[in-house]
Amino acid sequence: MGAAREPHIPERSAARQATGPRTPKSMPSPESSKVSLVNSTREVRAWKKSILTLDSGFKGLMTVAALVVLGIVGLIVAELVQGSALAWQKFGLHFFFGSEWDPVSGGFGALPFIFGTVVSSLVALFIAVPLAVAVAVFVTEMCPRPLRKPISYATELLAAIPSVIYGLWAMFVLVPILRLSVEPWLMKYFAWTGLFDGPAYGIGMLAAGVVLAIMIIPIISSITREVLIVVPQPQREAALALGATRWEMIRMAVLRNARAGIMGAVILGLGRGLGETMAVTMVIGNNPAIAKSLLAPGYTMASVIANEFNEATSDLHRSALIEIGLALFIVTIIVNILAGLMVWTVTRGTPARTNA
Amino acid sequence: MPKRQISLHRQMTDYFFTGLAASLSVVVVCTLIAIFAYLVLKGAGSLNWSFLTQTPKPVGEIGGGMANALVGSIMILGIATLFGVPAGIGAGIYLAEYGRNRLGQLVRFTSDVLNGVPSIVIGLVAYGLVVIPQRHFSAFAGGVALAIMMVPTVARTTEEMLLLVPHAVREAAFGLGIPQWRTTISITLATARAGIITGVMLAFARVAGETAPLMFTAFGNQFWSYSAREPIAALPLQIFTYAITPYDDWHRQAWAGALMLVILIVGTTTLVRFVFMRRMLGGAR
């Protein structure tokens, strides 16, 4: 703490002067009381001044720390905009609609990556939302009290595992399962949808979606739990008193009231999924192609940056990657703000509560 | 008591959805158990003394370890904590004690934005800010990237924890003639200490497993390095590098590294949960 650097100014003795008798050494004798009073007035004034200086110094220091936060975001924006200028000048808006990605000849279009990011996140939401909402509903409304803490702790632990470990697990455990059993099954029974064509590699959009789903379940379920908890208790009691079964009570009194917040939680999960890098990079297959099949390998915005940035040889290539980063930055910010607003509409006005 | 007049259909629907929610919860918990089981199963066998003391062996040679990555991770995290925590706590103090104004709102909003920025983007920015001017990858650059990620978490928890301290405590301090800065440091901060340490450790645990921001900053290193100005190995980076190679022995080591990283992170968060959280809630509420 920077303010601790200036402790030599005698504020400690000054504080004592203000509150009680002065130190015995300078205890005023009756005959010198007049002089001492003058002195002490002067000292008090000096003391006041030193406190004000210190106080404003401390406040200034803390303000600087707060401004650091603004500065960081400002630097991020500046850095991304400046870094992507070259690609922006060359390709303009077309950058986001071109599907050619050829670092050798210098043609860059980000569409395959945008497609991959969006599709893998949607697959993840499709899998994660029912699971996460079910966990939240189960924990807050249904499950016996002793089970609540362990289950919510378990979902929180899922959030603590680093992305790269999910990737490792997905590569060596999830992908073989997908390749050998899940994907052949999907190809057999859901081929008519056209989403499950082609050879079952294991790695691909589906694998990325599944691992992303596991990663975003904790955030969706913990925020859903928060918004479920703030639904007023009398509302539940009213529904039950009218003869509703527990599920009817949950559906009509709880979920309906919390739906904006749950939607917010889902969008927050989406924001998390969009920017997720390592786990996805390890299982999506890293092939910049737009395929209809979810079993085909894809590529995402985050993983192309991770894979190619260090190897980028031309300035244009690097600049194109930074532009993808800028796009990712903007999209996640918009998504997060939207989600924050939706959660806020439900939880506003209620004090933060710890969930039992 | 009269017999409940609930139709069979409604009763069945209720049972169905209760069962559904319960079984989906079981699925989620089982996924967690599966992940941990695999980590322990595959990692524990390789987590031995040489893993903890040796540097990576060249491709093809069996053995070696991640000792340098462990040291590298500690260095990077140390640098990150050194920069990130004071800035975060300072911003948190500002928000809690002085932040009821336009600037406070802006900072609060900005730190939430920063919290949502994908880690890979932070890596790109740290590359532009530190690596390019220095003209080489370094542990310092990695530390800066992680520090940026720590700031918003630390700031917001510090703010929350300081706001939990009753206002009467501050007023009592002012009444004794203690200046505001001193009140904040010795009384408010001290009261909220457990909560703030919790926040710091959670932020630490969160960035400890980050890989993406280190790829273009710390870069990784197969050898020992103790310098903040050199490229340096880090545990998550090493796990990633090993995982995507085709060598079985490296896969084995990646699992061991992963186990170690998880023990570190889950250990931190669990410790925080059971030691500090209890004290904090007991003390401040």
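Student: Before we start, what counts as partly exposed here?
Tutor: A residue is buried if 20 or more other C-beta atoms lie within 10 Å of its own, and exposed if 12 or fewer do. Partly exposed is in between. Keep in mind that this is a predicted model.

Student: Okay. Is A:Asn286 buried, exposed or partly exposed, and why?
Tutor: A:Asn286 counts as partly exposed because it has 19 C-beta neighbours inside 10 Å. The cut-off for buried is 20 or more.

Student: Where is A:Asn286 in chain A?
Tutor: In a loop of chain A.

Student: Which residue of chain B has a positive phi without being a glycine?
Tutor: B:Arg135, with a phi of about 65°. B:Arg135 lies in the loop between helix 5 (119–134) and helix 6 (139–164) of chain B.

Student: Is B:Arg135 buried or exposed?
Tutor: B:Arg135 is exposed, because 7 other C-beta atoms lie within 10 Å. The limit for exposed is 12 or fewer.

Student: New topic. What is chain A built from?
Tutor: Chain A has 11 helices and two strands. From the N terminus, the order is α-α-β-β-α-α-α-α-α-α-α-α-α.

Student: How much of chain A is buried?
Tutor: Of its 356 residues, 44% count as buried.

Student: What share of the contacts in chain A joins residues 24 or more positions apart?
Tutor: 77%, taken over contacts with a separation of 6 or more.

Student: How is chain A divided into domains?
Tutor: Domain 1 covers 2–20 + 27–83, and domain 2 covers 97–347.

Student: How many residues of the two domains of chain A are in contact?
Tutor: Four residues of domain 1 of chain A are in contact with five of domain 2 of chain A. On the domain 1 side, three are nonpolar, one is polar and none is charged. The centres of the two domains, over C-alpha atoms, are 49 Å apart.

Student: Now the chains. How many residues of chain B are in contact with chain A?
Tutor: 75 residues of chain B, in contact with 73 residues of chain A.

Student: Which element gives the largest share on the chain B side?
Tutor: Helix 1 (residues 8–43) of chain B, with 18 residues.

Student: What is that side made of, by class?
Tutor: The side of chain B that touches chain A has 55 nonpolar, 16 polar and four charged residues.

Terms used
Residues are numbered from 1 along each chain as its sequence is written. Chains are lettered from A and ligands numbered from 1 in the order in which they are written. This is a predicted model: local features need pLDDT of at least 70, side-chain atom pairs count only at pLDDT 80 or more; totals for chains, interfaces and linings use all residues. Two residues are in contact if their C-beta atoms, placed from the backbone, lie within 7 Å. Helices (H or I, at least four residues) and strands (E, at least two) are DSSP runs, numbered from the N terminus. Ala, Val, Leu, Ile, Met, Phe, Trp, Tyr, Cys and Pro count as nonpolar, Asp, Glu, Lys and Arg as charged, and the others, Gly among them, as polar. Domain bounds come from an automatic or database domain assignment.
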